[in-house]
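User: Could you take me through this structure by question and answer, with the cut-offs spelled out as they come up?

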Amino acid sequence: MSHLMRSIENFDSKLIWLKTMFKTLTEHWGSIDGYWIEKYLMLVWYLYKEVLHVVLQSHHALEVIQKFMKVIQENVLNQNEHALGISL
């Protein structure tokens with residue numbers, strides 16, 4: 001599933017896809033049991049790997065990193081109605 005990001009041509013669409021993935025993952029974080037936690041975290045690892053792949057392929061790496069970090073900050077690290085903050 002994480003490789004889907006490579007098939008998206010438009011960078012803004014990649015950001016929307018990543019934001020949606022993180023939103024979905026944070027919504028289900030509380031219901032993950034011990035059996036699924038390893039698979040869940042592996043998916044998160046693959047997502048970050050794909051983000052780094054996009055950064056390496058970009059000619060404007062700093063701008064790309066800033067936009068990805070904004071999505072991660074808003075949807076994973078900050079506590080709001082979608083993100084769980086540091087608990088994730």
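Confidence, fold and pocket

Analyst: Among the elements of the chain, helix α1 (residues 4-7) has the lowest mean pLDDT, 78, whereas α3 has the highest, 85; pLDDT is the predictor's confidence in each residue, from 0 to 100. This is a predicted model, in which local features need pLDDT of at least 70 and side-chain atom pairs count only at pLDDT 80 or more, while totals for chains, interfaces and linings use all residues. Residues are numbered from 1 along each chain as its sequence is written, and side-chain values use heavy atoms, with hydrogens and water left out.

User: What pLDDT does the chain average?

Analyst: Of the residues, 86% score at least 70. The average for the chain is a pLDDT of 79.

User: In what order do the elements of the chain run from the N terminus?

Analyst: Helices (H or I, at least four residues) and strands (E, at least two) are DSSP runs, numbered from the N terminus. The chain holds 4 helices and 0 strands. From the N terminus on, the order is therefore α-α-α-α.

User: What share of the 88 residues counts as buried?

Analyst: A residue is buried under 20% relative accessible area, exposed over 50% and partly exposed in between, with a 1.4 Å probe and protein chains only. Thr26, in helix α2, is buried because its relative accessible area is 3%. Over the 88 residues of the chain, the buried share is 31%.

User: How far apart in space are Thr26 and Val76, C-alpha to C-alpha?

Analyst: Thr26 is found in helix α2, and 50 residues of sequence separate Thr26 from Val76. In space, C-alpha to C-alpha, the two are apart by 7.3 Å.

User: Which residues does Val51 touch, not counting residues up to four places away in sequence?

Analyst: Val51 has its place in helix α3 and is buried, with a relative accessible area of 8%. Contact means heavy atoms within 4.5 Å. Leaving out residues up to four places away in sequence, the residues that Val51 touches are Met5, Leu18 and Phe68.

User: What distance separates the C-alpha atoms of Val55 and Ile65?

Analyst: Val55, also placed in helix α3, counts as buried because its relative accessibility is 12%. Beyond four places in sequence, Val55 touches Ala61, Val64, Ile65 and Phe68. Val55 and Ile65 are 10 residues apart along the chain, and their C-alpha atoms are separated by 6.6 Å.

User: How much space lies in the largest pocket?

Analyst: On a 1 Å grid over the protein atoms alone, a cavity is a set of points where a 1.4 Å probe fits but cannot get out, whereas a pocket is an open set with protein on both sides within 12 Å along at least five of seven lines, and lining residues have an atom within 4 Å of a point. Grid points are joined across faces, edges and corners, and a volume is the space filled by probe spheres set on the points. For the largest pocket this comes to about 260 Å³.

User: Which lining residues lie nearest the centre of the largest pocket?

Analyst: The lining has 13 residues, and α2 (11-28), α3 (34-57) and α4 (61-77) each supply at least two of its residues. Nearest the centre lie Phe11, Val54, Ser58, His59 and Val64.
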